[in-house]
Amino acid sequence: RIKELIRYILTALIVLLVFFCGLNEALSNDYVVGPGDVLRITVFEHKNLSTVDRITENGFILMPLLGPVKVGGLTVPKVSKKLSSLLADGYLVHPMVNVFVKEFRSKNVVVLGQVKTPGLIELSGPTTLLQLLSKAGGLKEDSGDTATIKRDKNGRKEVIVVNLVSLFRGALTSNISIQDGDIVFVSKGGMCYVTGEVKSPGVYSCKNQATVLKLIALAGGFTGKAAKSSVNIVRVVDGKKTIIKDVDLQQSLLPNDVIVVPEGFW
């Protein structure tokens with residue numbers, strides 16, 4: 001059994017190693033190079049063409065034979081493809097160009113909304129949304145289920161909406177790469193109101209299909225005068241106020257519901 005346990009642990013470690021290696025490779029492939037990045041460029045079997053150069057403010061590098069080449073705004077694979085294409089145009093036969101980011105420029109990202117430390121965050125190197133949220137201190141208790149990312153892409157405004165539930169469940173497609181200048185906004189979760197015969201009436205988060213019982217517990221529980229079997233929900237449906245009477249305490253809530261706990265008459 002001990003050998004089987006050791007074999008299981010080793011297998012799990014190998015799987016995790018492969019996963020993170022694959023994740024890092026994916027991040028590098030998605031990384032968009034720009035001013036300040038230092039690229040190491042190697043051309044197979046042509047050492048004289050290999051170079052290390054920092055991208056200028058205008059997005060150019062100086063490449064042997066080719067001279068200035070604009071690479072800013074391209075991902076690492078696209079830089080490699082562009083250089084290969086240029087070298088193949090009258091210089092080399094089937095050139096193989098490898099591009100590696102030797103030094104990453106710092107990038108600034110703004111994180112707003114329901115995170116513990118909102119504000120401007122400076123990053124270095126490829127960063128995923130999950131890593132960014134961690135650097136922002138994590139989510140607040142009343143955070144919602146979506147994060148909105150606003151970015152400029154080739155002069156156009158782009159808005160990306162990410163489902164945070166899927167992200168925290170491990171969906172790789174939700175863990176997108178963060179780019180320089182992104183503005184990330186984490187929404188606020190649905191809020192409900194608890195009033196009447198509870199110990200701490202007030203506003204509480206009612207996301208993730210919270211129940212009446214859970215909200216009453218958050219409000220400190222019933223007082224000694226509460227009519228526990230006569231709890232009502234005031235809900236707005238299509239702009240009209242609806243009162244749901246004598247609800248089951250396991251009833252699921254919707255954002256902006258008002259839970260009314262009446263006083264019992266003895």
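The following questions and answers concern a predicted model.

Student: How many residues line the largest pocket, and which of them are closest to its centre?

Tutor: The largest pocket holds about 590 Å³ of space. Its lining is made up of 22 residues. Those closest to the centre are Val 32, Gly 73, Asp 152, Lys 153 and Gln 179.

Student: Which strand gives the most residues to the lining of the largest pocket?

Tutor: The lining residues divide into 6 nonpolar, 7 polar and 9 charged. The strand that gives the most to this lining spans residues 143-153 and supplies 3 residues. That element is strand 8.

Student: With which residue does Asp 152 form a salt bridge?

Tutor: Side chains of opposite charge can pair when their charged atoms come close. For Asp 152, one of the residues closest to the centre of the largest pocket, the salt bridge has its closest N and O atoms 3.0 Å apart. Both members of the pair are exposed. The partner of Asp 152 is Lys 157.

Student: How many residues apart in sequence are the parts that Asp 37 and Arg 105 tie together?

Tutor: Asp 37 and Arg 105 form a salt bridge, with the closest N and O atoms 2.6 Å apart. Asp 37 lies in the loop between helix 1 (2-30) and strand 1 (38-43), while Arg 105 lies in the loop between strand 5 (97-103) and strand 6 (106-113), so the parts tied together by this pair are separated in sequence by 68 residues.

Student: Is Arg 105 buried or exposed?

Tutor: A residue counts as buried when its relative accessible area is under 20%. Asp 37, its salt-bridge partner, has a value of 0% and is buried. Arg 105 has a relative accessible area of 15%, so its class is buried.

Student: Where does Asp 257 lie?

Tutor: The side chains of Arg 235 and Asp 257 meet in a salt bridge, at 2.7 Å from N to O. The pair links distant parts of the chain, 22 residues apart, with Arg 235 in strand 13 (residues 232-237). Both residues are buried. Asp 257 lies in the loop between strand 14 (240-244) and strand 15 (258-261).

Student: What is the accessible area of the nonpolar patch formed by Leu 112, Ile 183 and Phe 185?

Tutor: Phe 185, one of the patch residues, belongs to strand 10 (residues 183-188). With 42% relative accessibility, Phe 185 counts as partly exposed. Leu 112, Ile 183 and Phe 185 together have an accessible area of about 250 Å².

Student: Why does Leu 87 count as buried?

Tutor: Leu 87 is part of helix 2 (residues 76-88). The cut-off for a buried residue is a relative accessible area under 20%. Leu 87 counts as buried because its relative accessibility is 0%.

Student: What distance separates the C-alpha atoms of Leu 87 and Pro 64?

Tutor: Leu 87 and Pro 64 are 23 residues apart along the chain. The separation of their C-alpha atoms is 9.9 Å.

Student: What is the phi of Glu 45?

Tutor: Most residues other than glycine have a negative phi. Glu 45 is not a glycine, yet its phi is positive. Glu 45 is placed in the loop between strand 1 and strand 2 (51-54), and it is exposed, with a relative accessible area of 66%. The phi of Glu 45 is about 65°.

Student: In which loop is His 94 found?

Tutor: His 94 has a positive phi of about 50°, although it is not a glycine. Its relative accessible area is 71%, so His 94 is exposed. His 94 is found in the loop between helix 2 and strand 5.

Student: What distance separates the C-alpha atoms of Lys 135 and Ile 121?

Tutor: Lys 135 is in helix 3 (residues 129-135). Lys 135 is exposed, with a relative accessible area of 52%. Along the chain, Lys 135 and Ile 121 are 14 residues apart, and their C-alpha atoms are separated by 7.9 Å.

Definitions and conventions
Residues numbered from 1 in each chain as written. Predicted model: local features only at pLDDT ≥ 70, side-chain atom pairs only at ≥ 80, totals over all residues. Heavy atoms only, no water. 1 Å grid on protein atoms, 1.4 Å probe; cavity = no way out; pocket = protein on both sides within 12 Å on 5 of 7 lines; lining within 4 Å. Points joined across faces, edges and corners; volume = space filled by probe spheres on them. Helix = DSSP H or I, 4+ residues; strand = E, 2+ residues; numbered from the N terminus. Nonpolar A, V, L, I, M, F, W, Y, C, P; charged D, E, K, R; others polar. Patch = residues over 30% accessible without salt bridge, like charges linked within 9 Å, V, L, I, M, F, W, Y side chains within 5 Å. Areas by Shrake-Rupley, 256 points an atom, 1.4 Å probe, with all protein chains shown as cover. Salt bridge = Lys/Arg side-chain N within 4 Å of Asp/Glu carboxyl O. Buried < 20%, exposed > 50% of the residue type's maximum accessible area, 1.4 Å probe, protein only.
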